[in-house]
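Here is a short report for a reader who is new to this structure. Please look over the sequence and the model first.

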Amino acid sequence: MHPLGFIHGRFQVLHNDHLVYLLAGKELCERLIIGVTNPDAATTREEATNPERSSRESNPLTFEERKAMIEAALMEAGVDRHAFSVIPFPINCPELLEGCAPRDAVYYLTIYDDWGREKLKRFQALGLTTHVMWERPQSEKGICGTDVRAAIRDGGEWRHLVPPAVATLVDRWQLAERFRTL
């Protein structure tokens, strides 16, 4: 078990497959840092390997909202609140990564596409220790945040796709209405 692990994602909206990913990372380390990518408009840039991930429609939630979802879902799953932290992580700005990437952490990734391979290259170029938890074809990725947001927006079935604590926050923050105005 590693003393410190690092995992990252956009988590727009945090869904059950995100939770599986986070819990898999937590199993590998004593303390887990969770980096939230595209934390703000200033550090959200288009990526050639996955351009849609930078659009406004793909990033409707603030960093603070995603942090709250992550914390609520992990604590609901039984993870000790002192065993993890959530920070902004500007993966789209390689020049900023060195300032926020702890050098002593092991960087956990999953790979489904060229974007996953690009992130692995960026971490390795910084001399960071990486660990690919799994690599699978895109067809095996599972739940897609775009589909979850669309179901919330359109009044479809979505509650079974997210942890109960996240569903509570979606309702409290009236995200269906916000998603309809994007």
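## A salt bridge across the chain

Aspartate 171 and arginine 159 form a salt bridge, and their closest N and O atoms are 2.8 Å apart. A salt bridge here is a side-chain nitrogen of Lys or Arg within 4 Å of a carboxyl oxygen of Asp or Glu. The pair links distant parts of the chain, 12 residues apart. Aspartate 171 is in helix α6 (residues 164–172), while arginine 159 is in the loop between α5 (145–154) and α6. Helices (H or I, at least four residues) and strands (E, at least two) are DSSP runs, numbered from the N terminus.

Aspartate 171 is partly exposed at 40% relative accessibility. Arginine 159 is partly exposed too, at 44%. Buried means under 20% relative accessible area, exposed means over 50%, and partly exposed lies in between (1.4 Å probe, protein chains only).

## About the model

This is a predicted model, in which local features need pLDDT of at least 70 and side-chain atom pairs count only at pLDDT 80 or more, while totals for chains, interfaces and linings use all residues. Residues are numbered from 1 along each chain as its sequence is written, and side-chain values use heavy atoms, leaving out hydrogens and water.

## Other salt bridges

The structure holds 8 salt bridges. One of them joins aspartate 114 to arginine 117, with the closest N and O atoms 3.0 Å apart. These residues are 3 apart in helix α4, so about one helical turn separates them. Aspartate 114 is partly exposed at 48%. Arginine 117 is partly exposed at 34%. Salt bridges that share partners join Asp114, Arg117 and Glu135 into one network.

Arginine 153 and aspartate 154 also meet in a salt bridge, at 2.8 Å from N to O. Aspartate 154 is exposed, with 54% relative accessible area. Arginine 153 is partly exposed at 32%.

## A buried arginine

Arginine 66 lies in helix α2 (residues 63–76). It is buried yet has no salt bridge. The nearest side chain of opposite charge is glutamate 65, 6.7 Å away. For charge, Lys and Arg count as positive and Asp and Glu as negative; His and the chain ends are not counted.

Which residues touch arginine 66, leaving aside neighbours within four places in sequence? The contacts are Arg10, Phe11, Gln12, Val36, Thr37, Asn38, Pro39 and Leu61. Contact means heavy atoms within 4.5 Å.

## Rings

The structure holds 4 aromatic pairs. Rings of Phe, Tyr and Trp (its six-membered ring) pair if their centres lie within 6.5 Å; planes under 30 degrees apart count as stacked, over 60 as edge-to-face and the rest as tilted. Tyrosine 107 and phenylalanine 123 form a tilted pair, 5.0 Å centre to centre with 45° between the planes. Tyrosine 107 lies in strand β4 (residues 106–111) and phenylalanine 123 in helix α4 (residues 114–125), so the pair ties together parts 16 residues apart in sequence. Tyrosine 107 is buried at 0% relative accessibility. Phenylalanine 123 is buried, also at 0%. Ring pairs link Phe6, Phe89, Tyr107 and Phe123 into a cluster.

## The whole protein

The protein has 7 helices and 5 strands. Along the sequence they follow the pattern β-α-β-α-β-α-β-α-β-α-α-α. Of its 182 residues, 52% count as buried. Among contacts between residues at least 6 apart in sequence, 74% join residues at least 24 apart.
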